[in-house]
Amino acid sequence: MAHCKLFLLFLISTSLTTLSYSGSISIYWGQNTQEGTLADTCATGRYEYVNIAFLAAFGNSIPPLLDLDDHCDPNIKNGCTGLSSDIHACQSKGVKVMLSIGGGDGAYYLTSSADAKQVAQYLWDNYLGGNSTSRPFGDAVLDGIDFDIEGGTESHWDELARYLKGFKSQKKVYLTGAPQCPFPDVYMNGALSTGLFDYIWVQFYNNYCEYNGDVSQLMAIWEQWTNITTTKIFLGLPASPTAATSGYIPSDILISKVLPSIKNTPKYGGVMLWSKYYDDMTHYSSSIKSHV
């Protein structure tokens, strides 16, 4: 009987250890042609989520503008439809592909509930499960929309989220968000408070709440974010020292000091990295993958 109890305790311990290493890596792609193709990004096997960045202009009667550096030209007919095969390839490998809207340099603004509804309809028809004669990515149906709202208005993002989640199809529409780490986020608090977001990758860089050698300070902010109603919370980091003004954590420090703390908290989902281009420079995701 004693041996049975010891074996049971071993199984429980092993199960808990396995669960603690169940995190994923989310990456942003689209802002530098030297980062390789979207298909190649997914083929690495390092990422479970890829955010195509960015739909940089929309709302307030602004013509929607897709900015993917020189990966493709959305201003000409079928200029980006070649990405359709890449998206299909990613999804066939189980990678969820999101369209990230907003960004740090975009021109976007929601003026009203009606404006939010119109933007939601545009996103549904052109990138999700709807129909349009001018779908930028052709017949590819993205898995969802990533909110990277860093400017414009503080209002109506909650309505945009509700409208997007209101569309019904055979394929689930995922909502993800990339708020700044100061809690609550100035622009996205209303949207994130809806409880409709599946994953939230919090940007712990270019902010006072980033890691500065004191894990307890980061944890105090992290634990505030875990109170948000969502499935998973990710630690957002720059993939190299040059990817952001501040907030880079060397991989050995992340593995030895930061991850052991955040992985023991509810809703831990993994790590988000900015971006594929910088990750190629440092191989950051490769060095942390087995520890996330």
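## Surface and overall shape

The protein chain shows about 12900 Å² of accessible surface, and 52% of that belongs to carbon and sulfur atoms (areas come from the Shrake-Rupley method with a 1.4 Å probe, and for residues only the protein chains shown count as cover). Keep in mind that this is a predicted model: local features need pLDDT of at least 70, side-chain atom pairs count only at pLDDT 80 or more, and totals for chains, interfaces and linings use all residues. Residues are numbered from 1 along each chain as its sequence is written, and side-chain values use heavy atoms, with hydrogens and water left out.

The C-alpha trace spans about 70 × 40 × 35 Å along its principal axes. For 292 residues a compact globule would have a radius of gyration near 19 Å, and the chain's 19 Å agrees (taken over C-alpha atoms; the rule is 2.2 Å times the number of residues to the power 0.38).

## Fold and record

There are 10 helices and 10 strands in the chain (DSSP runs numbered from the N terminus: helices are H or I with at least four residues, strands are E with at least two). UniProt lists residues 23-292 as "domain: GH18", in an unreviewed entry; such annotations may be inferred rather than shown by experiment. Over that stretch the chain is 30% helix and 21% strand, with the end C-alpha atoms 5 Å apart.

## The inside

Buried residues make up 51% of the 292 (buried means under 20% relative accessible area, exposed over 50%, partly exposed in between, with a 1.4 Å probe and protein chains only). The largest nonpolar core has 92 residues, and Ile-101, Phe-137, Phe-147, Leu-160 and Leu-164 have the most contacts inside it (a core is a set of buried Ala, Val, Leu, Ile, Met, Phe, Trp, Tyr and Cys residues joined through side-chain atoms within 4.5 Å). Strand β2 gives the most to this core, eight residues.

Beyond its neighbours within four places in sequence, Ile-101 is in contact with residues including Leu-55, Phe-58, Phe-147 and Leu-160 (contact means heavy atoms within 4.5 Å). Ala-57 sits in β2 and is buried, at 7% relative accessible area.

## Helix α3

In α3 (residues 83-92), the buried residues are Leu-83, Ser-84, Asp-86, Ile-87 and Cys-90. Seen down the axis, they fall within an arc of 160°, so they line one face of the helix (the arc is that of the directions from the helix axis to the C-beta atoms). Their cover includes β1 (24-29), α2 (38-43), β2 (49-58) and β4 (96-103). After α3 comes Gly-94, with a positive phi near 85°.
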